[in-house]
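Keep the viewer open while you read.

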Amino acid sequence: VIQRRVRHILDRLGVSAAQCPSSTLLFTSAKAAAKQRAALTEVCWPVHEKALALIKPRSVICFGAGTADQLLKRLPAHRLVATFTEDNTRGSASRAYRVEGGLLVFALSNPAASNWDNPDCDPAPKMRPHLAGLAA
């Protein structure tokens with residue numbers, strides 16, 4: 001389900017999954033690991049830091065606020081530029097941040113919890129205006 005939802009977002013944004021580098025900052029399935037997230041991320045961070053330096057992306061999509069928080073702690077100064085709230089009873093919020101140097105970071109709701117196939121939950125239309133300014 002998660003992979004299908006990620007493909008949905010990429011398709012809706014006009015991004016080819018084959019052309020989109022991806023990685024997992026930290027993969028855990030147990031809530032107990034959440035307590036260790038910061039320490040485990042420190043161990044994994046050098047790989048991601050090197051990848052970001054080599055690839056030089058114009059935007060990054062994080063799935064889940066915890067992942068975005070860990071990324072933003074390690075990047076230069078950033079500011080919140082938008083909040084997108086799902087148009088349903090859950091009302092989950094996703095956010096966009098602009099990092100010093102221009103990188104755009106999206107902190108989307110977790111795809112395991114949000115059905116992005118449902119137009120009321122799909123953040124893609126709210127992301128598009130921010131991505132439009134990043135054209136190469």
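Helix H2 (residues 31–34) has the lowest mean pLDDT among the elements of the protein chain, at 62, while S4 has the highest, at 94. Here pLDDT is the predictor's confidence in each residue, on a scale from 0 to 100. The chain as a whole averages 85, and 90% of the residues score at least 70. Helices (H or I, at least four residues) and strands (E, at least two) are DSSP runs, numbered from the N terminus. This is a predicted model, so to speak of local features a pLDDT of at least 70 is needed, and side-chain atom pairs count only at pLDDT 80 or more, whereas totals for chains, interfaces and linings use all residues. Residues are numbered from 1 along each chain as its sequence is written, and side-chain values use heavy atoms, with hydrogens and water left out.

**The sheet**

Four strands make up an open sheet, in the order S1-S4-S3-S2, with mixed pairing. Two strands count as paired if DSSP finds at least two bridges between them. Strand S1 (59–63) and strand S2 (78–85) sit at the edges, each pairing on one side only. On average, neighbouring strands are turned by 20° against each other, direction ignored. For angles like this, axes are lines fitted to C-alpha atoms (for helices over the stretch in contact), and the angles run from 0 to 180 degrees between N-to-C directions.

Here's how the strand pairs line up:

| Pair | Direction | Bridges | Residues opposite each other |
|---|---|---|---|
| S1 and S4 | parallel | five | Phe63 and Leu108 |
| S3 and S4 | antiparallel | four | Ala96 and Phe106 |
| S2 and S3 | antiparallel | seven | Thr85 and Ala93 |

As background, strands of a sheet pair through backbone hydrogen bonds, either parallel or antiparallel.

How much of S4 is buried? Five of its five residues are, so S4 is largely enclosed by the rest of the structure. Buried means under 20% relative accessible area, exposed means over 50%, and partly exposed is in between (1.4 Å probe, protein chains only). Both faces of S4 are covered: Leu104, Phe106 and Leu108 are buried on one side, Val105 and Ala107 on the other. The hairpin of S3 and S4 has four residues between the strands, and Gly101 in that hairpin takes a positive phi near 100°.

Contact here means heavy atoms within 4.5 Å.

H4 is also part of what covers the buried residues of H3. Those buried residues are Thr41, Trp45 and His48. His48 comes in at 12% relative accessibility. Leaving aside residues up to four places away in sequence, His48 touches Ser23, Thr24 and Leu25.

Where does helix H3 bend? The helix covers residues 37–55 and bends by about 50° at Cys44, with a proline, Pro46, following within four residues. The bend at a residue is the angle between axes fitted to the seven residues ending there and the seven starting there. After H3 comes Lys56, which has a positive phi, near 55°.

**Charged pairs**

A salt bridge is a side-chain nitrogen of Lys or Arg within 4 Å of a carboxyl oxygen of Asp or Glu.

Asp117 is partly exposed at 34%, as is Arg4 at 44%.

Arg12 pairs with Asp122, with 2.7 Å between the closest N and O atoms. Arg12 lies in helix H1 and Asp122 in the loop between S4 and H5, so this pair ties together parts that are 110 residues apart in sequence. Is Asp122 buried or exposed? Asp122 counts as buried, at 6%, while Arg12 is partly exposed at 36%.

Lys126 and Asp87 form another, with the closest N and O atoms 3.6 Å apart. Because Lys126 lies in helix H5 and Asp87 in the loop between S2 and S3, the pair ties together parts that are 39 residues apart. Lys126 is partly exposed, with a relative accessible area of 29%.
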